[in-house]
Amino acid sequence: MRVKICGITQPEQSIAIASLGATALGFICVPTSPRYVTIEQIQAAVAQLPSKIDRIGVFANTDITEISQTVVKSGLTGVQLHGDESPEFCYQLRQSLPQVEIIKAMRVRNREHLQTAANYTKFVDTLLLDAYHPQQLGGTGKTLDWQMLQEFSPSCPWFLAGGLTPDNIVDALSQVQPNGIDLSSGVERSPGDKDLDKVALLFQRLGDR
Ligand SMILES: O=C(O)c1ccccc1N[C@@H]1O[C@H](COP(=O)(O)O)[C@@H](O)[C@H]1O
């Protein structure tokens with residue numbers, strides 16, 4: 001299973017988290033986030049990473065030119081769209097960045113909203129389900145109703161996100177079977193400062209999954 005640890009700000013933590021077993025690291029390119037990193041910070045954080053580790057930039061309602069420039073300058077391998085981007089926007093982004101993984105995050109409000117995920121599957125590589133929060137875009141620590149996701153079976157791979165921690169991950173994965181998981185605040189000491197003990201505990205609890 002893919003395991004993405006998001007909201008990395010420090011190069012040493014980037015290497016350590018990859019060594020512990022993460023398959024992808026996420027970098028927040030949303031200026032209003034306390035986990036925001038500049039292109040220079042991303043360059044420093046990915047410089048020593050093994051090439052097999054995916055480097056995902058998280059954007060929200062950013063224009064295609066800015067996303068493309070950030071991807072090229074930072075050496076990102078994927079883009080996570082965490083705002084209100086339309087399927088048409090995802091299609092246009094794919095034309096600009098054909099080699100880059102496009103992940104569309106859905107901040108799921110309810111069962112009906114979940115059904116709109118189907119509108120994206122033709123235009124993205126991967127979906128990501130996060131919990132809805134009225135004031136914040138992401139990194140909220142809020143969990144989804146996992147039971148509501150039991151029937152979720154899109155025609156593309158998907159990540160489960162939203163308030164996952166080493167303490168609830170086994171329970172979450174006993175209810176849903178995503179292709180990957182994404183954690184941020186659940187493995188932190190404070191926004192952007194990851195707790196390596198919590199990351200190690202996460203991989204211990206995941207075992208051979
Ligand atoms: O982490 C942020 O600050 C952030 C800001 C803007 C958009 C997305 C953000 N993070 C994403 O939020 C989810 C869930 O985070 P958490 O585990 O509940 O803390 C994750 O996909 C992050 O990529």
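Here is a short walk through this predicted model, one selection at a time.

**Stop 1: the whole chain**

Start by showing everything as a cartoon. How does the radius of gyration fit a compact globule? For 209 residues such a globule would come out near 17 Å, and the protein chain has 16 Å, which agrees.

Now try colouring by burial: 39% of the 209 residues count as buried. Colouring along the sequence is worth a go too. Take the contacts between residues at least 6 apart in sequence, and 56% of them join residues at least 24 apart.

**Stop 2: H1 and H7**

Next, select residues 11-20, which make up helix H1, together with residues 196-206, which make up helix H7. Their axes lie 10 Å apart and the packing angle is about 15 degrees. Angles under 35 degrees count as roughly parallel, so that is what H1 is to H7. The crossing here is right-handed.

From H1 come Gln13, Ala16, Ile17 and Leu20, and facing them from H7 are Leu196, Val199, Ala200 and Phe203. Sorted by class, this contact has seven nonpolar residues, one polar and no charged ones.

**Stop 3: H3 and H4**

Hide that pair and select residues 64-74 (helix H3) and 87-96 (helix H4). These axes are 10 Å apart, and the helices pack at about 40 degrees. H3 and H4 are therefore oblique to each other. Their crossing is right-handed.

Which residues meet here? On the H3 side, look for Ile64, Ile67 and Ser68; on the H4 side, for Gln92, Leu93 and Ser96. The contact divides into three nonpolar and three polar residues, with no charged ones.

**Stop 4: glycine 192**

Last, zoom in on a single residue. Glycine 192 sits in the loop between strand S9 (188-190) and strand S10 (193-194). Is glycine 192 buried or exposed? It is buried, because 20 other C-beta atoms lie within 10 Å.

To see what surrounds this spot, select Gly7, Thr9, Pro34 and Arg35: glycine 192 is in contact with them, leaving aside its neighbours within four places in sequence. Then draw a distance line from the C-alpha atom of glycine 192 to that of phenylalanine 27. The two residues are 165 apart along the chain, while those atoms are separated by 9.6 Å.

Notes
Residues numbered from 1 in each chain as written. Predicted model: local features only at pLDDT ≥ 70, side-chain atom pairs only at ≥ 80, totals over all residues. Axes fitted to C-alpha atoms, helices over the stretch in contact; angles between N-to-C directions. Helix = DSSP H or I, 4+ residues; strand = E, 2+ residues; numbered from the N terminus. Parallel < 35°, antiparallel > 145°, perpendicular 65-115°, else oblique. Left-handed = near helix turned anticlockwise from the far one by under 90°. Contact = placed C-beta atoms within 7 Å. Nonpolar A, V, L, I, M, F, W, Y, C, P; charged D, E, K, R; others polar. Rg over C-alpha atoms; globule rule 2.2 N^0.38 Å. Buried ≥ 20, exposed ≤ 12 C-beta atoms within 10 Å, placed from the backbone.
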